[in-house]
Amino acid sequence: MTGALLQRGILFGLLWWIAVEGRQDAWGMGLVAATTATGVSLVMLPPGKNSVSPGGLFGFLGFFVWQSVKGGVQVAAIALRGRLDLRPTVIELPLVLPPGLPRVLLACVLGLMPGTVGICLSNDRLRLHVLDERLPVTTVVRAMEAHIARMFGSKGAA
């Protein structure tokens, strides 16, 4: 518990420092914010549940950044071709990640990717709205699942 408290406190303090661009006069409120965020995180996600592999986290972050850039270029190309060329659709995919945080993270992260947004996450299925059905969304979702599974040390995705 002490290790988790210290790690999360440092993490939220670092996030605050980044958010305020290193301003020293913001640390009064930052101490309150970081302490509150740490306490809430310990209640909502107790230590020992869903531990994250550092190597898996860095792999996931690299994949996420690359896919964001690639997706942004794809969406920009679609926008430049003209609105009439879009083929929006809704797809439903079965999930292999374990229930809980890994599935929620997948749904949230896909909402940050250009051209996709999660509509519904229920049981072992995820429904997504896709800007253009020609985008390789299923491939990206499967790769994202694999990265999230490695990050959480799960055997849920290949």
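A: In this predicted model, helix H1 (residues 2-19) packs against helix H2 (residues 27-44) at an angle of about 140°, and their axes are 9 Å apart.

Q: Why are H1 and H2 called oblique to each other?

A: Roughly antiparallel requires an angle over 145 degrees, and roughly perpendicular covers 65 to 115. The angle of H1 and H2 is about 140°, and the pair is therefore oblique. Their crossing is right-handed.

Q: What makes up the contact of H1 with H2?

A: Residues of H1 including Leu5, Phe12, Trp16 and Trp17 meet residues of H2, among them Trp27, Met29, Ala33 and Leu42. The contact divides into 11 nonpolar, 5 polar and 1 charged residues.

Q: Why is glycine 56 called buried?

A: The relative accessible area of glycine 56 is 12%; buried means under 20%, so the term applies. Glycine 56 lies in helix H3 (residues 54-81) and touches His147, Arg150 and Met151, not counting residues up to four places away in sequence. Glycine 153 is 97 residues from glycine 56 in sequence, yet the two are 7.9 Å apart in space, C-alpha to C-alpha.

Q: Which residues touch the most other members of the largest nonpolar core?

A: Of its 23 residues, these are Leu106, Leu110, Leu126, Leu128, Val141, Met144 and Ile148. H3, helix H4 (101-112), strand E3 (125-130) and helix H5 (137-152) each give two or more residues to this core, and H5 gives the most, with 7. Leucine 126 touches, among others, Ile91, Leu93, Leu106, Leu110 and Cys120, not counting residues up to four places away in sequence.

Key:
Residues numbered from 1 in each chain as written. Predicted model: local features only at pLDDT ≥ 70, side-chain atom pairs only at ≥ 80, totals over all residues. Heavy atoms only, no water. Helix = DSSP H or I, 4+ residues; strand = E, 2+ residues; numbered from the N terminus. Buried < 20%, exposed > 50% of the residue type's maximum accessible area, 1.4 Å probe, protein only. Contact = heavy atoms within 4.5 Å. Axes fitted to C-alpha atoms, helices over the stretch in contact; angles between N-to-C directions. Parallel < 35°, antiparallel > 145°, perpendicular 65-115°, else oblique. Left-handed = near helix turned anticlockwise from the far one by under 90°. Nonpolar A, V, L, I, M, F, W, Y, C, P; charged D, E, K, R; others polar. Core = buried A, V, L, I, M, F, W, Y, C linked by side-chain atoms within 4.5 Å.
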